[in-house]
Amino acid sequence: MSVDKTNPNSPKWTSTIKIVIGLSVVGLLLALLITFRSIIGPLLIAFILVYLLHPLASFLNTRTRLSWRASTNIIYIVLLIILIITSTLTSLAAIQQIQSLIVVIERFVNDLPNQIDAISQQVIIIGPYTFDFSQFTDLGQLGDQVISTLQLVIGRAGAVVGTLASATASIVGWGLFVLVISYFVLVDIGKVPKPHDFLNIPGYSYDIQRMSTAFGRIWNSFLRGHLAIVIMVIITYSILLTALGVRYSLALALLAGLARFVPYIGPLVTYIVMGLVTLFQGGNHFNMQPVYYTILVIGLSIVVDQIYDNLVSPRIMGRSLGVHPAAVLVMAIIAANLIGLIGLLLAAPVLASMNLIGRYTFSKMFDRNPWSDIALIPEPSGFPKLNEMVNKAITWWNSRKKSADQ
């Protein structure tokens, strides 16, 4: 009786088994993504927060004698304090803005009949054309319908406030979830395997390294470039609209910042909302007519956007992500339907990443070198460092002093 000797080597899978296992894993991942898509957005925010805070934790760890855990604890304590203060101030400002909005709507409802009567008695002559609004007998009925609708909106203000309160509670809950997940990931960041070690596929080490570098350039350009521009836009619009006396300046500034994520449609929506607010806010610092005041505010906003598009953005972000703005718009709509607001914000880098993977796959399908057609996105040059600006300022001051002494 012969006994087979045990083979110390594990048997290899056949091509059929590999295809079945691969398709099963892909199907399982898709099912999990569809089932738990509501949690994808907060998880993405958590990993983005880890990505943004990692350099700061590394700076504290290397420049001080603190351990990595102590550095992370200090960062999150400071971050939590900033979030509490910011959320408190923002909530108070939002309550004041909502109360002011209700007062403006009530005033508009009370003045609407008089405005309709004044319009119905006007006769406008433009060249050979004469427009007599007294012929339109439905203006009064239209005004009554608008008044009834606005009164209904004011009557439901309590329900709207309750909805906002529940939405705020949900945001706070998800915010704590993001902070907890990002904290535990960042505090144990050394235990997380690197992509080169995790995806150690024989023969593909160079491709994995190049792909990892390309992904890093894409997301670094977006996270540390685009988000910096958004914050700068919000601050600029807050100062500009407050100086011009525009109501709800904070909300409009946030809208202008978020509009940077959606090409074409985002700025257009911002200008429309800004125009409506300035047209019906009932007064301004310059005692201008509402129409001219609206033109002034929208004109200055367009100038600010052009400055950021043509001067600031190229300096911070360098070359674009290599995707067309129209494609980003379509991707933003699809991603917003799938995972909500987070998908809308991350549409550009996700599309750029999909473009990179698609070009790599297309080249491999036709036995071509994928890296001959795929160029790495250069690192954004950014603004000059602080020490460089200080040295330039000192050099300029010394040259001025020498010229003055001579």
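A residue is called buried when its relative accessible area is under 20%, exposed when it is over 50%, and partly exposed in between, using a 1.4 Å probe and protein chains only. By that rule, buried residues make up 27% of the 406 residues in this protein. Please keep in mind that the model is predicted, so local features need pLDDT of at least 70, side-chain atom pairs count only at pLDDT 80 or more, and totals for chains, interfaces and linings use all residues. Residues are numbered from 1 along each chain as its sequence is written, and side-chain values use heavy atoms, with hydrogens and water left out.

Let us begin with the overall layout. The protein has 14 helices and two strands; these are DSSP runs numbered from the N terminus, with helices being H or I of at least four residues and strands E of at least two. A contact means heavy atoms within 4.5 Å. Among contacts with a separation of 6 or more, 69% join residues 24 or more positions apart.

The axes of α8 (residues 249-258) and α9 (residues 265-280) come within 10 Å and cross at roughly 165°. Here, axes are lines fitted to C-alpha atoms, for helices over the stretch in contact, and angles run from 0 to 180 degrees between N-to-C directions. Because angles over 145 degrees count as roughly antiparallel, under 35 as roughly parallel, 65 to 115 as roughly perpendicular and the rest as oblique, α8 and α9 are roughly antiparallel to each other. On the α8 side, Leu-252, Leu-255 and Ala-256 make the contact, and on the α9 side Thr-270, Val-273, Met-274 and Val-277 do.

Now for the aromatic rings. A pair of rings is described by the distance of the centres and the angle of the planes. Rings of Phe, Tyr and Trp (its six-membered ring) pair if their centres lie within 6.5 Å, and planes under 30 degrees apart count as stacked, over 60 as edge-to-face and the rest as tilted. The structure holds five such pairs. One of them, Tyr-183 with Phe-184, is edge-to-face, at 5.4 Å centre to centre and 70° between the planes. Another, Phe-286 with Tyr-293, is tilted, at 6.5 Å and 45°. Phe-286 is partly exposed at 41% relative accessibility, whereas Tyr-293 is buried at 0%.

Finally, visit Ser-353 in helix α13 (residues 347-365). Ser-353 counts as buried because its relative accessibility is 9%. Leaving aside neighbours within four places in sequence, Ser-353 touches Phe-215, Ile-218 and Trp-219.
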